[in-house]
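Me: I would like to learn how to read a structural model feature by feature, with the convention behind each term spelled out before it is applied. Could we work through one together?

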Amino acid sequence: MTEPACRAAFVGEIVQIYIDLEPRARRFARRQANRRDIEESLPNRYGKKSEFHHVHKTIDMLIDIAGSILKQYNLGSVDHLEPLVGGLINDSFVVSAARGRFVLQRLHPIFSADVHEDIAAMTAVIAREGLIVPRLILTKRGRLCWIDHDRHVWRLMSYIAGRSLSTIPDENVAFAAGRLVGRFHRALSMVWYRFRFSRPNAHQLDWHRSNLEQALTEGQASSWIGRVSGLWEQMKPELPRLPSTGHLRRRICHGDLKLSNILFNERSEAIALVDLDTMGWMPIAHELGDAWRSWCNRAGEDTTAIEFDLGIFRAALTGYVGEMRCQLAKLEILSLATSMNSIAFELAIRFLADTLVDRYFAWDPSRFASRAEHNWVRANSQFRLYQEITRSQREIEKIVDGVSRDLLFR
Ligand SMILES: Nc1ncnc2c1ncn2[C@@H]1O[C@H](COP(=O)(O)OP(=O)(O)O)[C@@H](O)[C@H]1O
Ligand SMILES: [Mg+2]
């Protein structure tokens, strides 16, 4: 069963929450609506009420947003509120109000409110360079975000008209996305900034490795222990082949360039990068290795069938290097040839650790029986991707060489 969607409309002071089940079941909640009223009106034949967990959570949030969160902002009358699908970590909503359209987000607790200082500073620079970015909207009290009574952090941002894609349809789109990332890096290349918020140990292989080893100790009683240790034994001999990145220049990067964080217009031109919570200093090998290993694998992360597409890699690299040009040091360019398999390997380690001890990754209960099962599939998928990319290493090097020769050393 697909999960029904919820949205809310405002009629004067009244909030009506609609649940997209079917026309007859479309309803309802008034301003003081409580969750039970709504639950009871859900038709029983849609199964156990527990299956509506997602709907219940969304209803609670819509009521909360209408009742208190939006009151923190000066938006004029609010007409419409709707969950934004496609995000992976935060809870996102589109708000239509007299003062325009906005995106409202409740942050995942891994991020602290301090991250907004960074976002405000970085988006000011990026916008000055002519790029479109979501800008934070201040609360009535002039704050960058709002912390509610449950310590949840909320923020409101300008809405960018665009759509995100689930896979890269062709090389033109890969080129456009690569070029936008190049413009983004270039816009920040002359800036020095000390980030208030950072994710310690992101992309530190040794740290992820010791985390996995700890999970293997803690998870002795898990029914997954045999499978996880088996795959780890298979992976370990690869460790010495992974390149070090300690010598590479750090740049201010986006930090999470999965495709859902890029907005495209109707002509499939990449127009904006969103989801700026992970910005920080890192080598471009980490930033682009992570982006490209996911853009190039058309099969996605939830299957062990790998469809690694080198044409997408060439196009994205060409778009990126064409924008960055002489900004790039030779060592940085060379590092791109081994960047994708390093990140795929690192992710395999992280998914393996989460198969035993649930720490971080969200999972999809509509497709997998348990959190562990989803993470197990993802660990296998990333290790196979690592193997596939490693097999194509020669060709990847040739592409990096060809593109950099054409664009840089002409
Ligand atoms: N300012 C914005 N304007 C339009 N759409 C946005 C904006 N910010 C986010 N989105 C959309 O909402 C989705 C989820 O937001 P995102 O910030 O990426 O959250 P998450 O951390 O959950 O992935 C994005 O993939 C994008 O499609
Ligand atoms: Mg996102």
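Me: Leaving aside its neighbours within four places in sequence, which residues is Ala 316 in contact with?
Reply: A word on conventions comes before the answer. Residues are numbered from 1 along each chain as its sequence is written, and chains are lettered from A and ligands numbered from 1 in the order in which they are written. This is a predicted model, in which local features need pLDDT of at least 70 and side-chain atom pairs count only at pLDDT 80 or more, while totals for chains, interfaces and linings use all residues. Two residues are in contact if their C-beta atoms, placed from the backbone, lie within 7 Å. With neighbours within four places in sequence set aside, Ala 316 is in contact with Ala 174, Phe 175, Ala 177, Gly 178, Trp 292 and Trp 295.

Me: How many helices and strands are there in the chain, and what percentage of its residues count as buried?
Reply: Helices (H or I, at least four residues) and strands (E, at least two) are DSSP runs, numbered from the N terminus; the chain has twelve helices and eleven strands. A residue is buried if 20 or more other C-beta atoms lie within 10 Å of its own, exposed if 12 or fewer, and partly exposed in between, with C-beta atoms placed from the backbone. By that count, 39% of the 410 residues of the chain are buried. Among the contacts in the chain with a separation of 6 or more, 69% are between residues 24 or more positions apart.

Me: At what angle do helix α7 and helix α10 pack?
Reply: Axes are lines fitted to C-alpha atoms, for helices over the stretch in contact, and angles run from 0 to 180 degrees between N-to-C directions. Helix α7 (residues 284-295) and helix α10 (residues 339-356) pack at an angle of about 80°, and their axes are 7 Å apart. Angles under 35 degrees count as roughly parallel, over 145 as roughly antiparallel, 65 to 115 as roughly perpendicular and the rest as oblique, and α7 and α10 are therefore roughly perpendicular to each other. The residues that meet include Leu 288 and Trp 292 in α7, and Met 340 and Ile 343 in α10.

Me: Is Ile 396 buried or exposed, and which residues does Ile 396 touch beyond those up to four places away in sequence?
Reply: Ile 396, in helix α12 (residues 393-407), is buried, because 25 other C-beta atoms lie within 10 Å. Apart from residues up to four places away in sequence, Ile 396 touches Phe 313 and Ala 337. The C-alpha atoms of Ile 396 and Thr 338 are separated by 8.4 Å, although these residues are 58 residues apart along the chain.

Me: What is the phi of His 203, and what is that of Asp 275?
Reply: Most residues other than glycine have a negative phi, and most peptide bonds are trans. His 203, in the loop between α4 (171-187) and α5, has a positive phi of about 60° although it is not a glycine, and His 203 is buried, with 20 other C-beta atoms within 10 Å. Asp 275, in the loop between β10 (270-273) and β11 (280-282), has a positive phi of about 65° and is not a glycine either; with 22 C-beta neighbours inside 10 Å, Asp 275 counts as buried.
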